[in-house]
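Biologist: I would like a close look at one part of this model, with the cut-offs spelled out as you go.

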Amino acid sequence: MKRIATAFLLGLLAAALLSGLQAALSFHLGGGWVPLSLPVVLLAWAALEAELLEGCAAALAVGYVMDVFAGTPKGLLTFLAVLAFQASRLARSSLAVHGPVGFAALVGGATTLVGAGAILLARLTAAPEAQPGPGLLWRVLGESAVGALAALPLHPLLARVQRFLAREPEPGLQGHR
């Protein structure tokens, strides 16, 4: 139970940090002209590295933060984040996802699932005059490509943070902590 609560709190903290970084980058990259969804990187990382319950707790936390930062109806991105986590776990078990490139592909797929799922659910539940247009799918594909590119430099950072939290030594070092 303690590990699940820790995963939830770490998910909240990491998602808030990445959402803040995303907001700053969006401001400097044309005020949203370049679509970016950095917290999805955490969903793919949890799918690769976390146990099922800890990963679900982290995905729940990441989705909550995404809901808060996006201003969407409460629960929409939380549901889609947990769904993307589960789909990423399924992809991990079915495919050989190794290294930064495989991680980037997993992030791109998770971003596509979250973005397209949000558009689909909004189209199904919103009033006809408030429904998002199908042309937004192109923006989701762009967001997926940018997210996959952003995942490449984040992969070694996440690996290093995970080793630090597990109190494991850096690879290749013989010294003690």
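What does Ser26 count as at 16% relative accessibility, buried or exposed? Please then go on to helix α2 (residues 40–49) and what it packs against.

Modeller: Ser26 counts as buried, since its relative accessibility is 16% and buried means under 20% relative accessible area, with exposed over 50% and partly exposed in between (1.4 Å probe, protein chains only). This is a predicted model, in which local features need pLDDT of at least 70 and side-chain atom pairs count only at pLDDT 80 or more, while totals for chains, interfaces and linings use all residues. Residues are numbered from 1 along each chain as its sequence is written, and side-chain values use heavy atoms, with hydrogens and water left out.

Ser26 sits in helix α1 (residues 2–28). Leaving aside residues up to four places away in sequence, Ser26 touches Gly31 and Gly32, where contact means heavy atoms within 4.5 Å. Thr72 lies 46 residues from Ser26 along the chain, and their C-alpha atoms are separated by 18 Å.

The setting comes next. The protein has six helices and zero strands, in the order α-α-α-α-α-α from the N terminus. Helices (H or I, at least four residues) and strands (E, at least two) are DSSP runs, numbered from the N terminus. The radius of gyration is 17 Å, which agrees with the value near 16 Å that a compact globule of 177 residues would have; it is taken over C-alpha atoms, and the globule rule is 2.2 Å times the number of residues to the power 0.38. Along the principal axes, the C-alpha atoms fill a box of roughly 65 × 35 × 30 Å. Of the 177 residues, 38% are buried. Among contacts with a separation of 6 or more, 69% join residues 24 or more positions apart.

Now α2. Nine of its ten residues are buried, which leaves this helix mostly covered. The buried ones are Val40, Val41, Leu42, Leu43, Ala44, Trp45, Ala46, Ala47 and Leu48. Their cover includes α1, α3, α4, α5 (99–125) and α6.

Take α4 (residues 76–94) as a partner: its axis and that of α2 are 8 Å apart, and the packing angle is about 45 degrees. Axes are lines fitted to C-alpha atoms, for helices over the stretch in contact, and angles run from 0 to 180 degrees between N-to-C directions. The two helices are therefore oblique to each other, given that angles under 35 degrees count as roughly parallel, over 145 as roughly antiparallel, 65 to 115 as roughly perpendicular and the rest as oblique. α2 passes α4 in a right-handed crossing; a crossing is right-handed if the near helix is turned clockwise from the far one by less than a right angle, and left-handed if anticlockwise. On the α2 side the contact uses Leu43, Ala46, Ala47 and Leu48, and on the α4 side Ala81, Ala84, Phe85, Ser88, Arg89 and Arg92. These residues divide into seven nonpolar, one polar and two charged. Here Ala, Val, Leu, Ile, Met, Phe, Trp, Tyr, Cys and Pro count as nonpolar, Asp, Glu, Lys and Arg as charged, and the others, Gly among them, as polar.

Ser88, a residue of α4, is buried at a relative accessible area of 3%. Apart from residues up to four places away in sequence, Ser88 touches Ala47, Leu106 and Ala110. Ser88 and Arg3 are 85 residues apart in sequence, and 21 Å lies between their C-alpha atoms.

With α6 (residues 136–165), α2 packs at about 50 degrees, the axes being 11 Å apart. α2 and α6 are therefore oblique as well, and the crossing is right-handed. Val41, Leu42, Trp45 and Glu49 of α2 meet Ala151, Leu154, His155, Leu158, Ala159 and Gln162 of α6. That contact divides into seven nonpolar, two polar and one charged residue.

Pro73 is in the loop between α3 (52–70) and α4, and is exposed, with a relative accessible area of 58%.
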